[in-house]
Amino acid sequence: MVTFLSGGTGTPKLLDGAAAAFSPDETTVIANTGDDIELGGLFICPDVDTLIFQGGGILDRDRWWGIEGDTTRTHDALQDIAGAVGLEGGPRYLPKERQTEGRDLARWRRFSGVAEFMEIGDRDRAVHVTRTSLLDDGHSLSEVTAKLARGFGLQLDLLPMTNDPVSSLIHTSDGMMHFQEFWVAHGGEPTVRNVEFRGSSDAEPAPGVLDALEETVVIGPSNPVTSIGPMLSIPGFGAALADTTVVVVSPFLGADAFSGPAGKLMEAVNAEPSSAGLATAYPFADAFVVDESDDVSFDVPVERTDIEIDERRDAARVCQAVTRAIDAVE
Ligand code: FO1
């Protein structure tokens, strides 16, 4: 049995090759929900959805989010209406008092849908309508995720990290903003001062998460700060990782991260923005997989391979290195 911790791009890419090394029936994936967002009343789980669409074979693999070939008629209509009524585009964070009203899960990540600042495809939106309606009907995020995963034909078990509101808020030189505001609306440009996972101290791991963390854990090449950081901020999560075998796949090729703002965010939390910083981010790691050109050293076993993942065979190669790293520890 193996458990992967996943954000929205790096680890899903690795999972493309996981079946070559781990049986899907014996694989659990715990997904980050810190960058979930409520937009125009719809609850959106970008990392969970990437994993669902990937497992269902319909992921837009150029962008690594959304559904391949999806249309954007509703999204385009929202821009047209906003223009017609004279409302400029851009994120509209709802007033402070509205952030803690209504659906708990949306605390501190609740945005107006006027001129929708994220592009939501039409079929993608249907998933959000379904998820939001099931949540309003009293189902937990775990239950909804399991239903969707089954419906889309996933073989592995997919768990959200928590059923509680944990919101990744980026404190920048331009003020505090939700992760999606920082990343999508501002292109990850503002200078980051601090990263906060609001709500995490009151959050609990979702059902099944602590059991899954008793198995061998693989932290894929995801952003240590905003993809894995929200998980580590939940009480009990880090302690569980300290008690099991953890193999970390580096998301860094030298000082360059594979995707997203990992390097910049590492610096903001005072960790070196390279593989060397992973020892700070993941003090419980028992082994690392790094690029063959990376001369980083750790005081635990290190496996080296070409860790760049463009195709399934690359992912399979990195997964083979993960199995060697597990063997070196267990
Ligand atoms: N990323 C973008 O850069 N622009 C978008 O308009 C956008 C829309 C979007 C809609 C649904 C979804 O599930 C993901 C979406 N993403 C978009 C990706 C997302 O912002 C991040 O890449 C993940 O949250 C990071 O894992």
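Leaving aside neighbours within four places in sequence, H128 is in contact (heavy atoms within 4.5 Å) with L42, F43, I44, D49 and I120. This is a predicted model, so local features need pLDDT of at least 70 and side-chain atom pairs count only at pLDDT 80 or more, while totals for chains, interfaces and linings use all residues. Residues are numbered from 1 along each chain as its sequence is written, and side-chain values use heavy atoms, with hydrogens and water left out. H128 sits in helix α4, residues 122-136; helices (H or I, at least four residues) and strands (E, at least two) are DSSP runs, numbered from the N terminus. With a relative accessible area of 1%, H128 is buried, a word that stands for under 20% relative accessible area, against over 50% for exposed and in between for partly exposed (1.4 Å probe, protein chains only). Its side chain also makes a polar contact with the side chain of R131, at 3.3 Å. Such a contact is a pair of N or O atoms within 3.5 Å; within protein, one must be able to donate a hydrogen and the other to accept it, and residues adjacent in sequence count only if both atoms are side-chain atoms.

Next comes a sheet. Three strands make up an open sheet in the order β4-β3-β5, with mixed pairing; two strands pair if DSSP finds at least two bridges between them. β4 (42-44) and β5 (110-111) are at the edges with a single partner strand each, so one side of each has no neighbour in the sheet. Strand β3 (residues 37-39) and β5 run parallel and are joined by two bridges, and E38 has R110 as its bridge partner in β5.

Then there are the cores. A nonpolar core is a set of buried Ala, Val, Leu, Ile, Met, Phe, Trp, Tyr and Cys residues joined through side-chain atoms within 4.5 Å. The largest has 43 residues, and F4, L14, L158, V289 and V322 have the most contacts inside it. Helix α12 (residues 312-329) gives this core its largest share, seven residues. Apart from it lies another core, of 42 residues, with M161, A212, I228 and V248 among them.

I228 is also one of the buried residues of α8. Eight of the nine residues of this helix (residues 224-232) are buried, so the rest of the structure largely encloses it. At the start of α8, a side-chain oxygen of N223 comes to within 2.8 Å of the backbone nitrogen of V225.
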